[in-house]
Amino acid sequence: MTHEVRAVVARQKGAPVSVETVLVPSPGPGEALVRVQACGVCHTDLHYREGGINDEFPFLLGHEAAGVVESVGEGVTDVAPGDFVVLNWRAVCGTCRACSKGKPWYCFATHNAAQPMTLADGTPLSPALGIGAFAEKTLVAAGQCTKVDPAASPAAAGLLGCGVMAGFGAAVNTGGVGRGDSIAVIGCGGVGMAAIAGAKVAGASRIIAVDVDQRKLNWAEKFGATDTVDSSRTDAVEAIRTLTGGFGADVVVDAVGRPETFKQAFYARDLAGTAVLVGVPTPEPALDLPLLDVFGRGGALKSSWYGDCLPARDFPALIDLYLQGRFDLGDFVTETISLDDVEAAFAKMHHGEVLRSVVVL
């Protein structure tokens with residue numbers, strides 16, 4: 001059986017997206033059909049539209065989603081029809097060398113649905129991050145479905161599928177920030193804001209938000225920043241050092257992903273501190289650091305893939321924190337929109353007018 005649904009498609013590099021009829025097959029072995037209830041508009045979707053990920057057009061966009069499992073294929077036991085789930089783009093295999101070492105969040109053989117979704121004329125679509133959730137229904141590998149408490153708002157819960165989990169995990173999982181630690185977060189978009197919120201939940205004593213946009217810095221204070229630095233007016237490294245007794249922060253998260261911001265993170269951390277790169281770089285930039293400084297300052301330079309999360313472990317835990325009122329997940333939702341409004345949401349995101357626009361179906 002094939003399902004006809006409305007979905008957002010990017011046909012050509014840089015061209016506006018369109019809402020079209022997409023054909024979604026019923027699930028085969030190991031697959032699940034999910035009725036999408038909400039999907040956040042993430043910067044990664046814009047990267048896909050601009051050809052910044054690859055050139056495998058046409059793309060079925062959307063990946064930061066929550067919904068209800070409608071049907072499952074043969075052999076699926078972890079989720080069942082009727083389950084409320086958050087979708088993830090790293091369904092772990094359980095058998096690769098990372099999984100075998102007990103580090104499944106580094107899984108080197110993550111997988112997606114085997115069957116393609118297509119345009120009405122049969123043209124195969126490339127689903128964004130293996131999900132494709134700017135659609136009324138989508139087909140995914142069952143391992144991409146993480147069951148969570150259905151009391152959560154779909155618009156809020158879906159944000160764990162990418163940006164919020166990436167930021168929260170960069171601070172807590174990758175950076176290891178904990179009680180009494182200091183942390184600085186460079187770049188206060190959705191990912192950076194989630195790092196700030198994560199640091200607050202983890203008990204950090206000083207949380208420094210750095211950005212060039214005063215509006216974002218004001219938002220950062222609502223999510224838990226104890227101090228803000230406008231790096232368009234002040235040297236970020238010196239400001240962070242001043243706010244930490246001249247030493248630098250225990251953890252510095254670069255949520256921008258540019259050489260200049262990562263160098264700021266490197267030099268703004270304390271001796272033996274940790275710098276975390278979670279902002280996704282474009283292919284061209286290169287990093288130039290004196291090797292003696294890398295040696296002499298000690299500590300760790302880490303990249304954070306998806307916040308080093310394990311969806312089965314982290315999604316339910318963060319949903320519980322949200323329902324307990326300890327993690328303001330719903331505050332990331334700036335506006336709710338329809339499928340027809342995705343192109344306008346890209347423009348708002350590009351201009352820094354929103355944390356997250358969320359498509360609600």
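1. The model is predicted, so local features need pLDDT of at least 70 and side-chain atom pairs count only at pLDDT 80 or more, while totals for chains, interfaces and linings use all residues. Residues are numbered from 1 along each chain as its sequence is written, and side-chain values use heavy atoms, with hydrogens and water left out.

2. The chain contains 11 helices and 18 strands, where helices (H or I, at least four residues) and strands (E, at least two) are DSSP runs numbered from the N terminus.

3. The radius of gyration of the chain, taken over C-alpha atoms, is 20 Å, which agrees with the value near 21 Å that a compact globule of 361 residues would have; the globule rule is 2.2 Å times the number of residues to the power 0.38. Along its principal axes the C-alpha trace spans about 65 × 40 × 40 Å.

4. Of the 361 residues, 53% count as buried, meaning under 20% relative accessible area with a 1.4 Å probe, protein chains only. Among contacts (heavy atoms within 4.5 Å) between residues at least 6 apart in sequence, 69% join residues at least 24 apart.

5. Helix 4, covering residues 163-174, is largely enclosed by the rest of the structure, because 10 of its 12 residues are buried. The buried residues include G163, V164, M165 and, at the other end of the list, T174. Just after helix 4, G176 takes a positive phi of about 70°.

Conventions:
Buried means under 20% relative accessible area, exposed over 50%, partly exposed in between (1.4 Å probe, protein chains only).
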